[in-house]
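Subject: Structure for your attention

Dear colleague,

Please find the structure below, followed by a short account of what was found in it. Kindly read the account with the structure open beside you.

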Amino acid sequence: MKKNIVLLLMFAFVFACKEDQKQKDIETQDETESTTDRDINPTEARQTETRSTPESSPNDVDFEQEVQNFITCKKAATERNDCRNSITKVITKMHELTEFNDSKLGYVVYDSIRPIAERSKHWLQLGTINQESIQQALEHSERGGLSLIIDTSETYGHVVMIIAGETTKSGSWGIELPNVLSLTNYKPEKSFYNKSLAYAMQKSDALKIFLRQ
């Protein structure tokens, strides 16, 4: 009788130990799954990706600083060609171009952009401005491409660069217009970035859109 009682106690002890280990295994599995869920949580994953991504790339440009540099340069200018290559310098740095390099000035003056682009197979001319051509140019800019609007009514026509982002409906133009970088040679104090094209140019069929392929 005592022998049977001892055997029963031993069996109960072994069973209890197995149940306890089983429960621990379940808890361990739950913790592992919970940790895994946290590791692949979309929000945290995006935050991790954001933190690991560099804040800027080598060809990023501080538009605000470029505008200020241009205005300062024009105030101190003593020669006709002083500062007239500022917009060319910006687009060359941003997009790592070579066609606007100049052995003397470093970069060609802004009014050389149009004839160079017209002769180059690397540039696409969209023609006059309408909602369709503006949208195409804006999408090109949003993909990281270079989109320019050039006043072709005169040799020294103004040149602006389209900035990717929001558009603004213009009453005088009757369409949505993109924001631009405008370095205005004849009135440098009116230079700006991230304001509507309507602030830089008046509506005209002479305004043409050029895309760098």
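Helices (H or I, at least four residues) and strands (E, at least two) are DSSP runs, numbered from the N terminus. The model is a predicted one: local features need pLDDT of at least 70, side-chain atom pairs count only at pLDDT 80 or more, and totals for chains, interfaces and linings use all residues. Residues are numbered from 1 along each chain as its sequence is written, and side-chain values use heavy atoms, with hydrogens and water left out.

Ser196 lies in strand β7. Ser196 counts as buried because its relative accessibility is 7% (buried means under 20% relative accessible area, exposed over 50%, partly exposed in between, with a 1.4 Å probe and protein chains only). If neighbours within four places in sequence are set aside, Ser196 is in contact (heavy atoms within 4.5 Å) with Thr168, Leu177, Pro178, Asn179 and Val180.

Strand β7 belongs to an open sheet of 6 strands, in the order β3-β8-β4-β5-β6-β7 and with antiparallel pairing; two strands pair if DSSP finds at least two bridges between them. The edge strands, each pairing on one side only, are β3 (123-128) and β7 (192-196). On average, neighbouring strands of this sheet are turned by 35 degrees against each other, direction ignored. Strands β3 and β8 (residues 207-212) are joined in the antiparallel sense over 5 bridges, and Thr128 has Lys208 of β8 as its bridge partner.

Helix α6 (residues 131-142) packs on the sheet and touches β3, β4 (146-151), β5 (159-169), β6 (176-182) and β8. The direction of α6 makes about 100 degrees with that of β5; axes are lines fitted to C-alpha atoms, for helices over the stretch in contact, and angles run from 0 to 180 degrees between N-to-C directions. Leu138 is found in α6 and is buried, with a relative accessible area of 3%. Apart from neighbours within four places in sequence, Leu138 is in contact with Ile162, Ile163, Ala164, Gly165, Thr167 and Pro178. The C-alpha atoms of Leu138 and Gly165 are separated by 7.9 Å, although these residues are 27 residues apart along the chain.

Finally, the axes of helix α3 (residues 63-76) and helix α4 (residues 86-95) come within 10 Å and cross at roughly 155 degrees. The contact is made by Phe63, Glu66 and Phe70 of α3 with Ser86, Val90, Lys93 and Met94 of α4.
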